[in-house]
Amino acid sequence: MARVPRPRPLVAAGPLAIAIGGAILLGSASGGRVGSRGGAAPFAPALAGAADAASVGSPFVPSPPPSPPSPRPSASTSEPSPPPYPAVSAVPPYVLDLYAAGDFVPQATDTYCVPASIATMVNLMIRGPGGRRLDQTTLYRLARRYSSDRLLGPGAEPAGMARTLDALRHGRYRVAAVPTRAAAIRLAARAIRRTHRPVALFVWRGAHAWVMSGFRATADPARTSRFAVTAVRVEDVWYPRISSIWGRSYRPDSLVPVRQLGGDYLRWQRPTVRYAELDGRYVLVVPV
């Protein structure tokens, strides 16, 4: 069944829009876990990795060189028609949420958080259940193929995720590695506001991926740099599982206060592999 079109956003007046590569107001947040979502918990899948060394003065990690053409999933191989704009608020707090019922795709196996996140992101970007028709095993193989040879064990790297999203032709994505959590969330909010496409956050020190589909802020990020993100909308594809390490997973389209992200969105640090361009930073895959 076709999705009911979403209303166009109403945008409050303000200063000119800020480019996604522009200056970022850095902030800090505590690294300890805030509160608990309860429950005994699961397995933290080993996903991790990235691309080449980050360029000075930019949060983006340079993309790996292009690889030979690869088979694509059967669904959605052509450019989709632009989705209707999601509803946003016209007055503070500024609210934007791309999510609609049915967009969420849970991961099929313990190690499929990247393909499930990609499928969820495709649903957020197009009309209809396109992501639900994508085969997670095919997406997993593509993401691993596009990952670097540093990858050990199951899972896929952020670079593999970004390049798989590129291959699906829903717009370009790049890996960003940012020194503070506050700066990473601001970058994500700007990217979502500018492109109306979702962001992937690599949580649990790089072991897992969430989808960020929206946010709440004190002002419109496209109109001013003087804004603070107070909460984010997330889809945790681990849901409804419970992790023995990280606790209960969030329901789809949960509104999570930024101050609470310190329990999950932590600096990248994989136990068996060094990623010089990612280690000690907050990693995300953003639309450009």
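Hi everyone, let's start with a pair of helices: helix 1, residues 113-125, packs against helix 2, residues 136-145, at an angle of about 110°, and their axes lie 8 Å apart. That angle makes helix 1 roughly perpendicular to helix 2, a label used for 65 to 115 degrees. Axes here are lines fitted to C-alpha atoms over the stretch in contact, and angles run from 0 to 180 degrees between N-to-C directions.

Which residues make the contact? Helix 1 brings Val114, Pro115, Ala116, Ile118 and Ala119, while helix 2 brings Gln136, Leu139, Tyr140 and Ala143. Contact means heavy atoms within 4.5 Å. Of these residues, eight are nonpolar, one is polar and none is charged.

A word on where this comes from. The model is predicted, so local features need pLDDT of at least 70 and side-chain atom pairs pLDDT 80 or more, while totals for chains, interfaces and linings use all residues. Residues are numbered from 1 along each chain as its sequence is written, and side-chain values use heavy atoms, leaving out hydrogens and water.

Now the whole protein. You'll find four helices and ten strands, taken from DSSP runs (H or I, at least four residues, for helices; E, at least two, for strands). From the N terminus, the order is β-β-α-α-α-β-α-β-β-β-β-β-β-β.

How much is buried? Of the 288 residues, 54% are buried, meaning under 20% relative accessible area with a 1.4 Å probe. Finally, among contacts between residues at least 6 apart in sequence, 72% join residues at least 24 apart.

Definitions and conventions. Angles under 35 degrees count as roughly parallel, over 145 as roughly antiparallel, 65 to 115 as roughly perpendicular and the rest as oblique. Ala, Val, Leu, Ile, Met, Phe, Trp, Tyr, Cys and Pro count as nonpolar, Asp, Glu, Lys and Arg as charged, and the others, Gly among them, as polar. Buried means under 20% relative accessible area, exposed over 50%, partly exposed in between (1.4 Å probe, protein chains only).
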